[in-house]
Amino acid sequence: MIFGRSERGKPPVEPVTLKILVAGGFGVGKTTLVGAVSEIRPLRTEELLTEAGRPVDDTSGVEGKRTTTVAMDFGRITLREDLVLYLFGTPGQERFWFMWDELSEGALGAVVLADTRRLEDCFAAVDYFERRSIPFLVGVNCFEGADRYPAEDIRQALDLDSDVPLLLCDARDRESVKEILIGVVQHAMAFQADRRETVTT
């Protein structure tokens, strides 16, 4: 077997499937990210925002948003012939956070999407994964018209540990999102290896 490809007519290897969560605040681009890379038609559970939801759904900074995820987004991407990622986008509003425990079951790691216009909206996701020792990477979604800040300034504002990767990205761009996903897989693998080493020493 060479890089996941079968030799001399041998049957292909059964791919390893990994579960990755995509979390972050309301309107940060989670649904867009999943849709940008998924090789299947993404499963989406979006509903229209209504007047009834205005008191609880803070749309400041994302005034043009018309729909919201009420359960999850689901997509799939094959990174290599022998490596498939299942992507689960979490709902962003606080009233749906009860679903996070269910969605995070069995996850290898997570992407926390951040928007510099509403950076505080990703604090809850960062806190959630830190408390549960789920390895995560922060992807700063660079929205058009949003101010750009050095990565180190964003890291300090989020009070991230030095070993948590932080990357700039465009959630609409397939290649940009692939870099984020490769980054979180590499980080999660290193995280798991460190934990195993700590247990055995």
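Buried means under 20% relative accessible area, exposed over 50%, and partly exposed in between (1.4 Å probe, protein chains only). You're looking at a predicted model, where local features need pLDDT of at least 70 and side-chain atom pairs count only at pLDDT 80 or more, while totals for chains, interfaces and linings use all residues. Numbering runs from 1 along each chain as its sequence is written, and side-chain values use heavy atoms, with hydrogens and water left out.

Start by selecting Asp 127, which is partly exposed at 32% relative accessibility.

Next, pick Arg 132 and Asp 101, another salt bridge, at 3.6 Å. Arg 132 is in the loop between α3 (123-131) and β6 (136-141) and Asp 101 in helix α2 (residues 100-104), so the pair ties together parts 31 residues apart in sequence.

Then try Asp 121 with Arg 118, whose closest N and O atoms are 2.7 Å apart in their salt bridge. Arg 118 is buried at 7%, whereas Asp 121 is partly exposed at 26%.

Last stop: Asp 170, in the loop between β7 (166-169) and α5. Its C-alpha atom is 9.1 Å from that of Gly 29, 141 residues away along the chain.

Key: Helices (H or I, at least four residues) and strands (E, at least two) are DSSP runs, numbered from the N terminus. A salt bridge is a side-chain nitrogen of Lys or Arg within 4 Å of a carboxyl oxygen of Asp or Glu.
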